[in-house]
Amino acid sequence: MSPDFYARHADLLQQAVEHAAARGYWTPYPETPSTSVYGAEAPQQGEAAFHALLGNPFPLEGHPTAGTVPAAEFSPYGFPLDVSYPYLAPDTAVATAKAAAAQWRAASPDTRAGVAAEILARLNAASFEIAHAVQHTTGQPFVMAFQAGGPHAQDRGLEAVAYAWYEQKRHPATARWSKPQRRGGPLAMDKTFTPVGRGVAVLIACNTFPTWNGYPGLFASLVTGNPVIVKPHRRAVLPLAITVRIAREVLAEAGFDPDVVLLAAQRPGERTATTLATHPDVRIVDFTGSSEFGDWLETNARQAAVHTEKAGLNTVLVDSTDDYAGLLRNLAFSLALYSGQMCTTPQNILVPREGFTTDQGLRTADEFATDLGTALDKLLGDPARAAGTLGAIVNEGVLNRLEEAATVLTGRIAHPSRELTHPEHPDAVVRTPLVARIDARADEKLYTSEWFGPVSFVIGTDSTAHGLRLLHETVRRYGALTASVYTTGDDVLESARETALDAGVHLSENLTGAVFVNQSAAFSDFHGTAANPAANAALTDPAFVTGRFSVVQSRRHAPEEESSGLMPRSS
């Protein structure tokens, strides 16, 4: 007999729905990589499991294959992973997923949610293995890789499960419709309402946060009854291959075809993502990555419901502060965390050119840029601490962009990027943030381009009002996932809130403590708004799940013995 995963996880699912509605703090997956939480042997077992994968074909039992995807992943910490993967051509992947869909679609929302919750439970148990896989494909520091790649990603997955499960149960499964008649008994109909998935889903994952950004779409599609083809970034296959392996194991144990979840690693030179996304039988696409490809998907994958998280110009507005030291510490950490390789990292820092008031006196834009550089040096002065914050540069594109910035901004760099040696991985490419001091009126072309990575601008403005206009204009035109304001004035704070609402961007206010603008908590913070060009979906709200299924009804006359005068009398 197949295990009843819904019964096992029903309480968890109900809690997840309640906490998603309440928007407070909650997590079932502890974020601390501690032996007291995960067990004395968990760290060693997870690391050993990761190392056992290196240099070998990835073990994906029963997965359909038509050859091999050669090893291509190289750790940003300086060594090849040398893992190969089963190859599945896009057309074959879609046909295989379609063939596996019927039984999964026929299962109830409860059953599908239970299976998804069990997958997440086993992913949580594998958090140390996944953490090493995330670290050595993305360049994240280990603790960040554990948290963001493991429990925080699992939180986002469970949040999507909760929304998908709840929205499918919003309407009753059956209903009796009874309409009174002027003569005789009422008209009566028995009706059923069945949520039906749209069809094959494709998850196109990113290089930097393959699980955190990937799990919402994966689990939202699964719980709404859709098979999922997971297409990893070619540099970050391993974390999602582990995820697919675990998902397939749970599906098989639950009595379903494991091909409900497939891996579609791409061979060199192939354009697997574009082929899958525009396949006529693919009905859902989830994508995280560049604006260029996200825009292309939104335009060309017309047969599918497309959910994109792209890029934008994350902006900080500085007007005044009563905790200047706290502002600098908070902002320095936000710029340095994972070397700025987060879609939420601030890029544009708008500061009145002639200065702003602080508890330490007036600071001009020039002085602020210098002080921010000093705060970065203090934060990153110890090599071990710096390595645990910066991680490694994920790919040559980020490194090339940083080098280009150093050339283009010659003479205007307030804090140059420095090369550091990682204490544990001497071959890692580690760089500190570059901060440039530019002007709002003279340098528009610079700050209206995205410089993904450790590049930020302190932009001198005419005034706070000028900065608010720039915040609104750049977000509306180019998009942003985060915005932040520092002010002691209630009138400025209200103006910033109104600006953020109209521009459609999430706003953080006066962050000086241990919460940072580029961090986002599941069950409380929404990630993306779908209200500006940086994303057309939010993680996670009802709209993220409802387009993945339709409610299909059937109806019939109620039994006559239960409904006298069922049919209208002839005239």
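In this predicted model, the buried residues of helix α9 are Tyr215, Pro216, Gly217, Leu218, Phe219, Ala220, Ser221, Leu222 and Val223. The helix spans residues 215–223 and is mostly covered, with nine of its nine residues buried. Just beyond α9 comes Gly225, whose phi is positive at about 95 degrees.

Gln154 belongs to helix α8, which covers residues 151–168. When residues up to four places away in sequence are not counted, Gln154 touches Tyr215 together with Tyr29, Leu120, Leu123, Asn124 and Ser127. Is Gln154 buried or exposed? The relative accessibility of Gln154 is 0%, and the cut-off for a buried residue is under 20%, so Gln154 counts as buried.

Helix packing can be followed next, starting with α6. Two packed helices are described by the angle between their axes and the distance between the axes. Helix α6 takes in residues 127–138, and helix α3 takes in residues 42–53; their axes come within 7 Å and cross at roughly 50 degrees. The crossing of the two helices is right-handed. On the α3 side, the contact is made by Ala42, Pro43, Gly46, Glu47, Ala49, Phe50 and Leu53, while α6 brings in Phe128, Glu129, His132, Ala133 and His136. Sorted by class, the residues of this contact divide into seven nonpolar, three polar and two charged.

Helix α6 also packs against helix α10, which is formed by residues 238–253; here the axes come within 8 Å and cross at roughly 150 degrees. How are α6 and α10 oriented to each other? Angles over 145 degrees count as roughly antiparallel, and α6 and α10 therefore fall into that group. From α6, the residues in contact are Glu129, Ile130, Ala133, Val134 and Thr137; from α10, they are Leu238, Pro239, Ile242 and Arg245. This contact has six nonpolar, one polar and two charged residues. Glu129 and Ala133 of α6 take part in the contact with α3 and also in the contact with α10.

A further pair is made up of helix α18 (residues 464–478) and helix α19 (residues 490–503), which pack at an angle of about 15 degrees with their axes 9 Å apart. Because angles under 35 degrees count as roughly parallel, α18 is described as roughly parallel to α19. Helix α18 passes α19 in a right-handed crossing. The residues of α18 at this meeting are Thr464, Leu468, Leu471, His472, Val475 and Arg476, and those of α19 are Val492, Ser495, Ala496, Thr499, Asp502 and Ala503. By class, they divide into six nonpolar, four polar and two charged.

Leaving aside neighbours within four places in sequence, Asp371 is in contact with Tyr324, Leu328 and Arg363. Which of these is joined to Asp371 by a polar contact between side chains? The partner is Tyr324, at 2.7 Å. By comparison, Phe293 is 78 residues from Asp371 along the chain, and the C-alpha atoms of these two residues are separated by 37 Å.

Some backbone details in the loops deserve a moment as well. Most residues other than glycine have a negative phi, and most peptide bonds are trans. Ser339 has a positive phi of about 55 degrees although it is not a glycine. The residue lies in the loop that runs between α13 (324–336) and β13 (348–352). Ser339 is buried, with a relative accessible area of 0%. Ala530, also not a glycine, has a positive phi near 65 degrees. Ala530 is placed in the loop between β20 and α20. At 40% relative accessibility, Ala530 falls between the limits of 20% and 50%, so this residue counts as partly exposed.

The loop between β20 (507–509) and α20 (542–546) also holds Thr540. The peptide bond joining Leu539 and Thr540 is cis, with omega at about -10 degrees.

Conventions
Residues numbered from 1 in each chain as written. Predicted model: local features only at pLDDT ≥ 70, side-chain atom pairs only at ≥ 80, totals over all residues. Heavy atoms only, no water. Contact = heavy atoms within 4.5 Å. Polar contact = N/O pair within 3.5 Å; in protein donor to acceptor, adjacent residues only side chain to side chain. Helix = DSSP H or I, 4+ residues; strand = E, 2+ residues; numbered from the N terminus. Buried < 20%, exposed > 50% of the residue type's maximum accessible area, 1.4 Å probe, protein only. Axes fitted to C-alpha atoms, helices over the stretch in contact; angles between N-to-C directions. Left-handed = near helix turned anticlockwise from the far one by under 90°. Nonpolar A, V, L, I, M, F, W, Y, C, P; charged D, E, K, R; others polar. Parallel < 35°, antiparallel > 145°, perpendicular 65-115°, else oblique.
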